[in-house]
Amino acid sequence: MIQKKVCILGPTGVGKTSLIKQFVEGIFSEKYKTTIGVKIDKKQVNREGRGIQLLIWDLEGIDRYCGFNPRYLRGASAYIVVVDQTRSQSLTEGMEILELAKEHYPDIPAFFVINKTDLPTSWHWSEEELDTCSQKFALLTKTSAKTGENVESLFNTIAFW
Amino acid sequence: MTDKVPPSEFTDDSLEKVRELLIGRDNTFVREKLDHDAKGVVSNVVSEALLERESKDGSVNKVLVPLVEKSLHRSIEANSEKIVGTLYPLVGALVRKAVSAFLVEFVERTNALIENSLSPKSIAWRFKAWQSGVKYSEYVASQIYQYQVQQLLVIHRETGTLLHSISADPDKQKDADLISSMLVAINDFVADAFGVNGNESENELGEIKTEDFTLLIKIGPQALLVAAVTGSIPPEIRGKLQQALEDFHRFYQQPLINYDGDNAAFAGCETLLADCLVSEKKEGEGKKAKRFIGALVLFIALIGLGILSFMRLSLSILKSDLHELPFPPGVIITDTYISNGKVHAKILRDPAADDIESWFKDHGIDPNRVVVIEEPFVSLKTSIVERKLEKLIRNYPLSEQETLSLNSANGSKWIISGDVFAATAMRLNQQINNLPGISSTDIDISSLNVKAEYQLDSSALQKVALTQLVNKVSSQSVLFATNQDALSEVQLATLEGLANDVKQLLSVAKKTNTVVSIVVMGASDNSGSSARNRELSQKRAENVVNSLISLGVESSILIPVSLGELPLQNPSMGRSVMLNVLVSSAL
């Protein structure tokens, strides 16, 4: 069985933990809970008789006052930067996080996730600006942890990247 | 045209020559060079080449396995004796090891059973385990073991993924991969939080400890070895872990460097790790003592089994002995069986026969081992009848004036002699005749002198005796077959008894002054002519008379008479000789 480490990064409150909960357990909790430190979950993904076990490291919410420990990314097969399309600030912070991660681990593929698609878009970024941002990632996926939209396919893609 | 041809030929030729000069004709130089050092060239790369090809398409194995199998097969066929010789000591050692391992396990299990089943300690432990919400088995482990390595994890250092894990308790193994990742995360956290510039490795966790639980973390260049240990850890464990980690790196160097998340390459590392999954029980001496108890229980059980089977065997032998031994006369064995550790024998025994217990003793059988169930019966065996007769005579109640003795003549005839009063004689006579089976015994009472107790009484008694004898003789008859007058053996034997009675009668008659005549009446049935019947009955009477005379009866008192044919309802009644005794007082 192949095992892959995947890290999830992003500013506080963008729905990282909910995303994982949706993927691993298939549920969405309305209750908000800040992640402290690292939370690790696992889930097996199968395609064409081949199984990959994902070990998903959910890093605590990152904001501009406290950075994150880039060491957590070590040995990861991929990392995901999650932003929240209802908060403009989250994209700025997400891009800062990406820069920091790339600085330490330039070779690990980064996946761009815009979350909360179940809610109306309320940030002020234009499509062009978004395009510019997503150029720096391997892939852009728009998800909803609440409805589960694109969540499964996101992790499936990462598993067999 | 012709000018152009030579240069092209020249060019071709020179190229060929240059090639020949450089590498020789047909690559000879290159080949020579290669041949010269072929061994060296191949030996430098053979292992790597094999490994590379094997990991590429697995074809090396496919080629080698049949070859190895074939040559192994041939080698065994050709050198079977040699191989047997080599394997022999190994097989012996293997068998011994397996047997001793089995015995040790058995003893340990017995110990565990004795210790853990219902001892007060185990009940107390169960209660405490329940109280503290721990599984009983875990509580026992914490109480029994000084320390125990419960789980070992080998973790890839960079990714934090689990490479392999083994556990003393397979139930606990399920979340080892998550634990591994978390452990690495914690390690990263520690290194980050307390790290001194750039010197990260020195700040990695080596140990995480609670009151009774320790995670020992050994860090290698590519992998971590983590041991979850309960109890207090002896120093040699750390050494062992270090050694195992170093071995792991040595054996799996290549897969570790090229690790891409696939654990298949590490599947065989169990043997490396198993050495570290150690434990030590508390109270080393106690263990020995308990092992001794287990061995003792086993030993006692074996001895007990041996004794039981020996007892059973000896009982079976005894049982068959009882069937084969010749039992004394008057005793018949009807059944034997084994029950409650004893042989039971059902026998029929005549009260006059030998005592069975003393007979057992005489034949070397312990009477305590045999339960005799005795039923009385009457034996008609001659020796038993004679014994009864002897007993009767020896113990016969006599007055002071009387004597009685029994002697055997020729081993077959018994002579009763002595002086007795008539009453005694009568009673004795009656009792002798009542003995079952006495008819086949020859008894002579002619030497028994019957005397008068008192003159008057004596004559009266003698008269009674006379009357009895007269009745007895008169009631006798001798039966013949149709148209027969000769006496058969059976009839002769009857006549013998009759002759004795007649002699007694005469002797009593003499004493009582009585004259006796016996009319011997021959008769026949009414078949055939009456002349013939008359003749037949005459002959029968005469034959009886003659044989009585030959048995010692005075001829003068016997009067043969022919009755001729008797018209009786049952014709057989007529074919007989009857006696009638005539008595009258002497003048």
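Modeller: A polar contact is a pair of N or O atoms within 3.5 Å, and within protein one must be able to donate a hydrogen and the other to accept it. The model discussed here is a predicted one.

Colleague: How many residue pairs are in polar contact between chain A and chain B?

Modeller: The count takes in pairs in which both residues are at pLDDT 80 or more. Between chain A and chain B, the number of residue pairs in polar contact is 4.

Colleague: Which element gives the largest share of the side of chain A that touches chain B?

Modeller: The elements of chain A that give two or more residues to this side are β1 (2–9), β2 (38–47) and β3 (50–59). The largest share, which amounts to 4 residues, comes from β2(A).

Colleague: How many residues of the side of chain A that touches chain B are charged?

Modeller: Sorted by class, this side of chain A holds 7 nonpolar and 4 polar residues. The charged residues on the side of chain A that touches chain B number 5.

Colleague: Which residue of chain B meets K42(A) in a salt bridge?

Modeller: Across the interface of chain A and chain B, the rule finds 1 salt bridge. The side chain of K42(A) takes part in a salt bridge, at 2.9 Å from N to O, and the partner is D177(B).

Colleague: Which three residues supply more of the area that chain A buries against chain B than any other three?

Modeller: The contact takes 16 residues from chain A and 23 residues from chain B. Together the two chains bury about 1,700 Å², with 50% of it on carbon and sulfur atoms. Of the area that chain A buries against chain B, 36% is supplied by Q3(A), R71(A) and R74(A).

Colleague: How are α1(A) and α4(A) oriented to each other?

Modeller: The axes of helix α1 (residues 16–25) and helix α4 (residues 151–159) of chain A come within 9 Å and cross at roughly 85°. The contact is made by L19(A), Q22(A) and F23(A) of α1(A) together with V151(A), E152(A) and F155(A) of α4(A). An angle of 65 to 115 degrees counts as roughly perpendicular, and α1(A) and α4(A) are therefore roughly perpendicular.

Colleague: How many charged residues are in the contact of α3(B) with α4(B)?

Modeller: The axes of α3 (residues 38–57) and α4 (residues 59–78) of chain B come within 6 Å and cross at roughly 105°. In this contact L50(B), R53(B), E54(B) and D57(B) of α3(B) meet S59(B), V60(B), N61(B) and K62(B) of α4(B). By class, there are 2 nonpolar and 2 polar residues, while the number of charged residues is 4.

Note on methods
Residues are numbered from 1 along each chain as its sequence is written. Chains are lettered from A and ligands numbered from 1 in the order in which they are written. This is a predicted model: local features need pLDDT of at least 70, side-chain atom pairs count only at pLDDT 80 or more; totals for chains, interfaces and linings use all residues. Side-chain values use heavy atoms; hydrogens and water are left out. Axes are lines fitted to C-alpha atoms, for helices over the stretch in contact, and angles run from 0 to 180 degrees between N-to-C directions. Angles under 35 degrees count as roughly parallel, over 145 as roughly antiparallel, 65 to 115 as roughly perpendicular and the rest as oblique. Contact means heavy atoms within 4.5 Å. Buried area is the accessible area (1.4 Å probe) that two parts lose on being put together, summed over both. A salt bridge is a side-chain nitrogen of Lys or Arg within 4 Å of a carboxyl oxygen of Asp or Glu. A polar contact is a pair of N or O atoms within 3.5 Å; within protein, one must be able to donate a hydrogen and the other to accept it, and residues adjacent in sequence count only if both atoms are side-chain atoms. Ala, Val, Leu, Ile, Met, Phe, Trp, Tyr, Cys and Pro count as nonpolar, Asp, Glu, Lys and Arg as charged, and the others, Gly among them, as polar.
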